[in-house]
Amino acid sequence: MKVLGVSGSPTKNSNTDVLVKAVLDATGAKTEFIKLSEINVGPCIACMKCVQTNVCVINDDFRWLSEKVMEADAIVVGSPTYYGAASAFMKAFIERLYSKRHLKLLLSKKVVATLAVGVAAEQMVAQWMGDALGAGGMEVVGTMTAKGTPCCFVCGSGETCAFAIWNVYSKELSGMDLGVEEAYEGYLELLPDNKPYVNGSARFLKSYRSVKDEPDVMAEAKKLGELIKERIEL
């Protein structure tokens, strides 16, 4: 059995990478990990030249990557959340898989698991990836999410930026309590004079959030891999 892991994170050794690899390891199958930011897979250009052949004509790395997808019994896809959506790397990859859908639904016997890492929109992104790949015929055996490290933690100005990500998702601006402050308890402290989009005032208690330090998250990744193993061994 073969399981292919695909990460849409451009960050080196990212939380997304760690979780995709953890799921792969738990399958007990022959696995391969691909980091989309290290290869060249562009978006679909809607040329429709793949309709009869199910072969995308764009000359980039999707040509060999699509062969690996077809050889795999299961796929694990993971993405960080950017602007409430999957990364452009992952979006392009999923778009290009549409070439396998026309007339034959060539991915219909394959299993997929999705995972997303983010600050507030990870549930939506994991669901979207599952819905998109499910529409391509794949069987979604499970999804998972995790909280990651906001870019504002590492940009150098996050503690004093009025437009930091926690202020974007604040109740004052979004109209909803998205639980960002609660989710990052122990990592982030918003100070009394913090006012979203007026004055930024925060303190970082930890500069990086690693899923490796969260046993429940790692256990969930293992369980997802075990679900894949059970399904492909049927």
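Against which elements do the buried residues of α2 pack? The sections below describe the chain as a whole and then return to this helix.

## Basis of the model

The structure is a predicted model, in which local features need pLDDT of at least 70, side-chain atom pairs count only at pLDDT 80 or more, and totals for chains, interfaces and linings use all residues. Residues are numbered from 1 along each chain as its sequence is written, and side-chain values use heavy atoms, with hydrogens and water left out.

## Overall form

The chain contains eight helices and eight strands. These elements are DSSP runs numbered from the N terminus, with helices (H or I) of at least four residues and strands (E) of at least two. Along the principal axes, the C-alpha atoms fill a box of roughly 60 × 40 × 30 Å.

The radius of gyration of the chain is 19 Å, which agrees with the value near 17 Å that a compact globule of 234 residues would have. This radius is taken over C-alpha atoms, and the globule rule is 2.2 Å times the number of residues to the power 0.38.

## Burial and contacts

Of the 234 residues, 48% count as buried. Buried means under 20% relative accessible area, exposed means over 50%, and partly exposed lies in between (1.4 Å probe, protein chains only). Among contacts in the chain with a separation of 6 or more, 74% come from residues 24 or more positions apart; a contact means heavy atoms within 4.5 Å.

## Helix α2

Helix α2 spans residues 62-71, and its buried residues are F62, L65, S66 and V69. Seen down the axis of α2, these residues fall within an arc of 100 degrees, so they line one face of the helix. The arc is that of the directions from the helix axis to the C-beta atoms.

The opening question can now be answered: the buried residues of α2 pack against the strands β1 (2-7), β2 (30-35) and β3 (74-82), and against helix α3 (88-96).

T27 belongs to helix α1 (residues 15-27). Its relative accessibility is 2%, so T27 counts as buried. Leaving aside residues up to four places away in sequence, T27 touches V3, G225, I228 and K229.

P196 is located in the loop between β7 (188-190) and β8 (202-204). P196 counts as buried because its relative accessibility is 13%. Not counting residues up to four places away in sequence, P196 touches A162, N167, S170, E172 and L173. P196 and A162 are 34 residues apart in sequence, while in space they are 5.5 Å apart, C-alpha to C-alpha.
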